[in-house]
Amino acid sequence: MTIAVFLLSLLGAMAIGIPIAFSLLLCGVALMWHLDMFDAQILAQNLINGADSFPLLAVPFFMLAGEIMNTGGLSKRIVDLALTLVGHVRGGLGYVAIVAACVLSALSGSAVADAAALSALLIPMMVAAGHDKARSGGLIAAAGVIGPIIPPSIGFVIFGVAANLSISKLFLAGIFPGILIAGSLWATWWWLVRREHIVPPPRRSRKEVWLAFRQAGWALMLPLIILVGLRFGVFTPTEAAVVAAVYSLFVAVVIYRELKPSQIYGVFVTAARTTGVVMFLVAAALVSAWLITVADLPGKVVTLLEPFIGSPMLLMVMIMLLVIVVGTAMDMTPTILILTPVLMPVVKAAGIDPIYFGVLFIINNSIGLVTPPVGTVLNVVAGVARIRMDDVIRGVWPFMLAEFAMMFLMVAFPALVIWPARLLYG
């Protein structure tokens with residue numbers, strides 16, 4: 001009965017158009033009524049305590065860093081560097097998008113920010129070169145998915161807080177799987193463009209490559225600083241977010257001089273608005289998470305999934321399929337916050353490595369950003385590049401299926417995630 005109250009109240013509120021954050025609060029109220037413990041003061045206290053978390057401070061700073069990078073020229077220089085390296089091969093602009101997405105992922109950790117930057121910079125170039133606009137938009141959208149996987153990652157921060165896991169370990173564990181996801185896009189793009197008769201631009205000279213490296217050097221230093229700092233314990237993930245924001249602001253204003261002092265206020269306001277939405281969502285979801293624990297909902301879910309607990313791989317397949325279905329209708333952050341407290345006890349009961357599960361869970365939620373009909377990143381690409389939503393959906397299918405195939409390959413062979421992760425964080 002408790003599971004029914006939880007699902008019906010949440011899905012019912014969403015079905016009538018109530019925003020997800022308020023739907024989560026209504027779900028919490030419904031659970032409190034069901035458990036005969038309604039108290040507005042408890043509701044308010046848990047709402048405030050939900051956002052009162054030191055690790056969650058990483059979210060606004062990473063979002064601010066992403067805004068600064070896009071406005072201050074860091075993203076543009078990363079794309080220019082990728083162009084000089086692989087722009088001359090057949091279908092080179094597609095490979096540029098994938099390489100640039102990987103590097104930008106190590107800068108901002110936001111799929112939306114990366115997809116917006118790549119759409120504005122690369123889709124006009126791809127269309128001018130003769131590539132299909134829908135396919136180009138689909139590739140950019142799918143490449144944006146890498147953002148929450150390769151560290152630093154806002155998704156890993158939120159999951160780490162909800163699951164009470166080491167965010168540093170999650171960051172380091174996401175590097176190799178993110179590269180594998182990029183590899184699946186690379187192979188799919190190669191397969192799709194092998195018959196195109198588009199003449200690529202000439203190979204850049206060594207002098208031009210060196211110049212591009214020099215111009216992008218300051219931007220490339222940031223992921224190196226963050227990863228080395230996390231690996232050797234110089235700073236925490238939250239402090240890494242502050243380092244990213246301060247460093248990117250310094251480079252954009254002092255080194256590249258593309259971010260004017262008059263623009264700084266607008267960048268901060270944009271980042272604050274986005275942060276406000278995310279943090280309110282987090283706070284509302286943690287109210288429901290507290291009530292889920294009080295109602296022993298995870299215990300009831302463990303009982304339901306007990307037939308699968310004896311087979312960790314089968315259990316992972318079932319969980320991944322569940323997340324795929326949820327991802328078609330719900331954004332990444334609420335999915336993480338709603339499902340994490342429910343699924344983590346099941347995962348632990350089955351003896352699955354929580355870090356491994358967290359990486360696969362975030363990969364699945366990231367791909368959910370491009371699964372129609374809700375797909376947030378699809379909407380961003382369609383809006384920035386002025387492509388019909390139907391065309392973006394048509395273009396993203398082959399890349400989305402390749403990403404899902406790679407994800408299930410990691411489910412079948414956990415060593416693809418576990419071994420590189422333990423090598424990095426010991």
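**Before you start**

You are looking at a predicted model, in which local features need pLDDT of at least 70 and side-chain atom pairs count only at pLDDT 80 or more, while totals for chains, interfaces and linings use all residues. Residues are numbered from 1 along each chain as its sequence is written, and side-chain values use heavy atoms, with hydrogens and water left out.

**Stop 1: helix α9**

Select residues 154-163, which form helix α9. Helices here are DSSP runs (H or I, at least four residues), as are strands (E, at least two), numbered from the N terminus. Eight of the 10 residues of α9 are buried, so the helix is largely enclosed by the rest of the structure. Buried means under 20% relative accessible area, exposed means over 50%, and partly exposed is in between (1.4 Å probe, protein chains only). To colour the buried residues, pick I154, G155, F156, V157, I158, F159, G160 and A163.

**Stop 2**

Which residue caps the N-terminal end of α9? It is S153, with a side-chain oxygen 3.2 Å from the backbone nitrogen of G155. Such a polar contact is a pair of N or O atoms within 3.5 Å; within protein, one must be able to donate a hydrogen and the other to accept it, and residues adjacent in sequence count only if both atoms are side-chain atoms.

Now select P151 and P152: the peptide bond from P151 to P152 is cis, with omega near 0 degrees. P152 sits in the loop between α8 and α9.

After α9 comes N164, in the loop between α9 and α10 (167-173). Is N164 buried or exposed? At 70% relative accessibility, N164 counts as exposed.

**Stop 2: α9 against α19**

Axes are lines fitted to C-alpha atoms, for helices over the stretch in contact, and angles run from 0 to 180 degrees between N-to-C directions. For the contact (heavy atoms within 4.5 Å), show G155, F156 and F159 of α9 with F357, G358, V359, F361 and I362 of α19.

**Stop 3: S366**

Stay on α19 and pick S366. S366 is buried, with a relative accessible area of 0%. The side chain of S366 reaches the backbone oxygen of I362 at 2.7 Å. Leaving out residues up to four places away in sequence, S366 touches V145, P148, I149 and M332.

**Stop 4: α8 and α11**

Next, show helix α8 (residues 133-144) and helix α11 (residues 175-193), which pack at an angle of about 170 degrees with their axes 11 Å apart. That makes α8 roughly antiparallel to α11. The contact is made by R135, L139, A142 and A143 from α8, and by L185, W189 and L192 from α11.

**Last stop: R386**

Finally, find R386 in the loop between α20 (376-385) and α21 (389-412). What is the phi of R386? It is near 55 degrees, a positive value in a residue other than glycine. At 75% relative accessibility, R386 counts as exposed.

Technical notes: Parallel < 35°, antiparallel > 145°, perpendicular 65-115°, else oblique.
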